[in-house]
Amino acid sequence: GAFDGLSQQELAKMPAGSDTLVKIDNFSAGVNIPELLVGKIMLYDINLGGAAVNVVSYNDEICNYDIFAKSETQEVDSAQVSLPDISLNKFRIAGGFPIRYVSVADSVDVKISLMESDLITEGEPSYRLALDSSLDALLPPDISVDSINVGLGGSVEWSSEEPLALALTDFRVNIGPVMSVIAAAMDFNDPPCIKQLTVDIEQFSPVEALGMVPEKMKESLPVIESDMKVAARAKLLQPYSLADTLLPVMDVAVVVPECSLTIDKYRITALELDADAMIDGSDINKSQFTVKKLRAEIDGVRVDFDGSVTSVADNPFVAGRVKAIARLAGLPESVKSSIPGTLKGTVSMDASTRFHQSDLSLKGFHKIFLDGSLRLEDMDVSVPDWDVELFTRSTVVDLGTNNKFVSDASRVDSLLTASLKIDTISFSAAGLSVAAK
């Protein structure tokens, strides 16, 4: 066995059954005959009974999962050994499925079990998690994972050409209301590596997901009501070594279709998001974050934004566009009641900008690229307590950037410009009155 070289004193520290890595008492499955005729073993409707995984390590060099011995002689000609490819599809675990990890050197002994759930589902088999007492004791007393249902199912493929590699195809992992589909290719050579990985999280309700939060923790959360649905996708862009201390290189995308959201007494009548990111774990400065679409509406106000952020570590560069419109008469009563007067009219803005973080300074702000306009239409403001009155039929402030300005034969890198167009305005405050057409 794996621990035959240990002394009696060392063996006394090992748990019973340490040599056994995987145990299956009962196994039944259907066989795809056409695939078998061409030399492939494809099993489906697999039923496992009395299954268990027992991972035991005495130290970094002696463990029961090092099952592929390193050859001390020349490699065997692959033509002399021919094994069929194996595919496992749609399986069910009967009874419990304990997974135990023991590290004698680190004094670690934990066990997680998948137990058959009473929940009836039309899709993949459903299970619930159960922790042993040592793990359960680490959780706060009001937190229990027994109520979390987990669904597992899909295809596991093994090829004789790569005996230390496994592939997951259309593999579904459901945790409560969150359902994901995984496609992956893994290589367990030294060092182990994830060669391909795509995780698609199907649309789910964040409000339903919050239902898994323990009651004690919910007391500190705001009251949230929403018909929001969220979908996400993550894709590995290059193989990732599990021995690597760096983060992987991957694409991540999040989509939130139009929805409404209320947090305590604050209500967003419409919210929509489409965003993605390329995260480069080997050089975080090469990462890029992009908001393709962000729309938010509350009573009387709508904001649209799209933009991106690059050079996130050295000197972040932001490029984006903001469009906003506010109909002051339609503002929420909670906002209007806080203003000691009346507001009527429309304020709108449409502006594009590009700048580095370093430009946000007294000496660098002129390098900011800004192009857009601010409009006041049929604006009527009256604040008697401050003795302020303002009316304008139309006022437009155009903002821009001019990089062609020349002074004393020297060209400046940029120059912020502004122009003002007014069609009727009157303003009075503290005895001062101004009127123009």
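Colleague: Taking strands as DSSP runs (E) of at least two residues, numbered from the N terminus, in which strand is Asp-280 found?

Modeller: In this predicted model, Asp-280 belongs to strand S17, which covers residues 266–280.

Colleague: Which side chain of opposite charge is nearest to Asp-280, and how far away is it?

Modeller: That is Lys-286, at 5.1 Å. Asp-280 is buried and has no salt bridge.

Colleague: Which side chain makes a polar contact with that of Asp-280?

Modeller: The side chain of Ser-282 does, at 2.5 Å.

Colleague: Leaving aside neighbours within four places in sequence, what is Asp-280 in contact with?

Modeller: On that basis, Asp-280 is in contact with Pro-248, Val-249, Lys-286 and Ser-287.

Colleague: Changing topic, how many bridges pair S19 with S20, and in which sense?

Modeller: Strand S19 (residues 301–310) and strand S20 (residues 317–327) are paired over 10 bridges, in the antiparallel sense. One of the bridge pairs is Ser-308 with Ala-319 of S20.

Colleague: How many residues lie between S19 and S20?

Modeller: There are 6 residues between them, and the two strands form a hairpin. Ser-311, in the turn, has a positive phi of about 50 degrees.

Colleague: And how many bridges join S20 to S21?

Modeller: S20 is joined to strand S21 (residues 342–356) by 11 bridges, and these strands run antiparallel. Val-322 has Ala-351 of S21 as its bridge partner.

Colleague: What about Gly-400: buried or exposed?

Modeller: Gly-400 is buried, because its relative accessible area of 12% falls under the 20% cut-off. It is found in strand S23, residues 388–402. Its C-alpha atom is separated by 9.4 Å from that of Ser-352, a residue 48 places away along the chain.

Colleague: Finally, what is the average pLDDT of the chain?

Modeller: The chain averages 83, and 85% of the residues score at least 70. Among the elements, strand S14 (residues 230–236) has the highest mean pLDDT, 97, whereas helix H3 (residues 133–136) has the lowest, 52. Over residues 76–81 the pLDDT is below 50, and this stretch has 1 contact in the model beyond near neighbours in sequence.

Colleague: Where should the predicted coordinates not be read in detail?

Modeller: That caution applies where pLDDT is low.

Terms used. Residues numbered from 1 in each chain as written. Predicted model: local features only at pLDDT ≥ 70, side-chain atom pairs only at ≥ 80, totals over all residues. Heavy atoms only, no water. Pairing = 2+ DSSP bridges. Helix = DSSP H or I, 4+ residues; strand = E, 2+ residues; numbered from the N terminus. Buried < 20%, exposed > 50% of the residue type's maximum accessible area, 1.4 Å probe, protein only. Lys, Arg positive; Asp, Glu negative; His and termini not counted. Salt bridge = Lys/Arg side-chain N within 4 Å of Asp/Glu carboxyl O. Polar contact = N/O pair within 3.5 Å; in protein donor to acceptor, adjacent residues only side chain to side chain. Contact = heavy atoms within 4.5 Å. pLDDT = per-residue confidence, 0-100.
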